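Work through the exercises below with the sequence and the coordinates open beside you. Each one sets a task and then gives a solution in steps.

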Amino acid sequence: MKKYLWILLLPLLMSGCKGQKKISLYDQIYKERPATIYIAPLDDRSERRPMRTLDDSIYNASLNIATKQLYLTAADPLVFNGYYVLGPLASAQLAASETRTGKQLRNDNITDYQSSLGIDAILFITLLNWSETQLSWSAEIEYTLRSTHSGNEIMHVTVHASKQLQADFKGNPRPLPPDQEFAQKYNCDLPTAQRCRLVELTNQFILKDLPSGRRSRSSALEPYVSSLPEFFNLNINPSGGVELLKSNEN
């Protein structure tokens with residue numbers, strides 16, 4: 001199954017269109033009930049600038065930091081949702097011992113992850129592209145969850161996520177308090193803070209939509225709750241809320 005999401009992200013307060021029921025969108029997850037998930041090393045396909053000036057170096061460093069943030073913040077929403085997720089050290093050791101390429105893990109037999117390690121599914125995250133304007137920062141990200149039992153893709157999402165800021169009277173970006181707190185805590189510049197906050201919010205938005213894992217007390221009604229539509233736009237209103245709207249492709 002595959003869905004494309006075109007979204008603008010800030011605080012995730014949503015209103016607007018409803019998607020199909022979770023039992024329909026995530027039917028294979030409900031059938032297999034994966035408990036333990038391994039997050040494979042991130043596949044970064046985004047481009048970097050040629051190192052010609054100091055600005056190029058700063059820009060590339062910002063992308064590198066945000067790319068790490070994308071990987072490091074993927075586990076939290078899964079754990080919140082009731083899944084067991086391998087920790088960073090165990091994941092690093094497993095990745096170091098793996099002889100197959102990322103492409104092979106996506107396409108070849110991976111039942112050994114279940115029989116030998118008790119892992120039920122592998123989450124692949126592919127960073128496709130970064131882009132920006134004066135007042136917005138965007139990333140195109142692909143998420144694929146593959147079962148180690150059946151080998152099937154049990155979730156596939158491609159999202160184009162953007163985080164926008166208002167301008168001050170001089171036309172410069174005006175960060176929100178959480179953005180300022182992040183930049184101060186990690187001693188980073190505004191663009192880096194925006195990209196890091198963007199990918200963290202995107203992880204939360206996409207991965208918390210999955211059905212509840214075995215550790216979570218899910219409601220009997222959850223499978224019949226509306227999930228994300230396959231195609232939609234997420235627009236930020238001036239107050240910082242988010243409106244979820246269907247795209248023309250629905």
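**Exercise 1: Confidence**

Residues are numbered from 1 along each chain as its sequence is written, and side-chain values use heavy atoms, with hydrogens and water left out.

Task: find the average pLDDT of the protein chain and a stretch below 50.

Solution. The chain averages a pLDDT of 85, and 82% of the residues score at least 70. Over residues 9-16 the pLDDT is below 50, although this stretch has 33 contacts in the model beyond near neighbours in sequence, a contact being heavy atoms within 4.5 Å. Where pLDDT is low, the predicted coordinates should not be read in detail.

**Exercise 2: Strand pairing**

Task: determine which strands pair with strand β5 (residues 121-132), and in which sense.

Solution. Two strands pair if DSSP finds at least two bridges between them. Begin with β2, which pairs with β5 in the parallel sense over three bridges, Tyr38 having Ile122 of β5 as its bridge partner. Next, strand β3 (residues 43-44) runs parallel to β5 and is joined to it by two bridges, with Thr126 of β5 as the bridge partner of Asp43. Finally, strand β6 (residues 136-147) pairs with β5 in the antiparallel sense over eleven bridges; Trp130 stands opposite Ala139 in β6, and three residues separate the two strands of this hairpin.

**Exercise 3: The setting of Thr67**

Task: decide whether Thr67 is buried or exposed, and list what Thr67 touches.

Solution. Thr67 lies in helix α3 (residues 54-72). Its relative accessibility is 9%, so Thr67 counts as buried (buried means under 20% relative accessible area, exposed over 50%, partly exposed in between, with a 1.4 Å probe and protein chains only). Leaving out residues up to four places away in sequence, Thr67 touches Leu42, Asp44, Arg48, Leu127 and Trp130. Leu42 is 25 residues from Thr67 in sequence, yet the C-alpha to C-alpha distance is 8.3 Å. The side chain of Thr67 also reaches the backbone oxygen of Leu63 at 2.7 Å.

How values were computed. Predicted model: local features only at pLDDT ≥ 70, side-chain atom pairs only at ≥ 80, totals over all residues. pLDDT = per-residue confidence, 0-100. Helix = DSSP H or I, 4+ residues; strand = E, 2+ residues; numbered from the N terminus. Polar contact = N/O pair within 3.5 Å; in protein donor to acceptor, adjacent residues only side chain to side chain.
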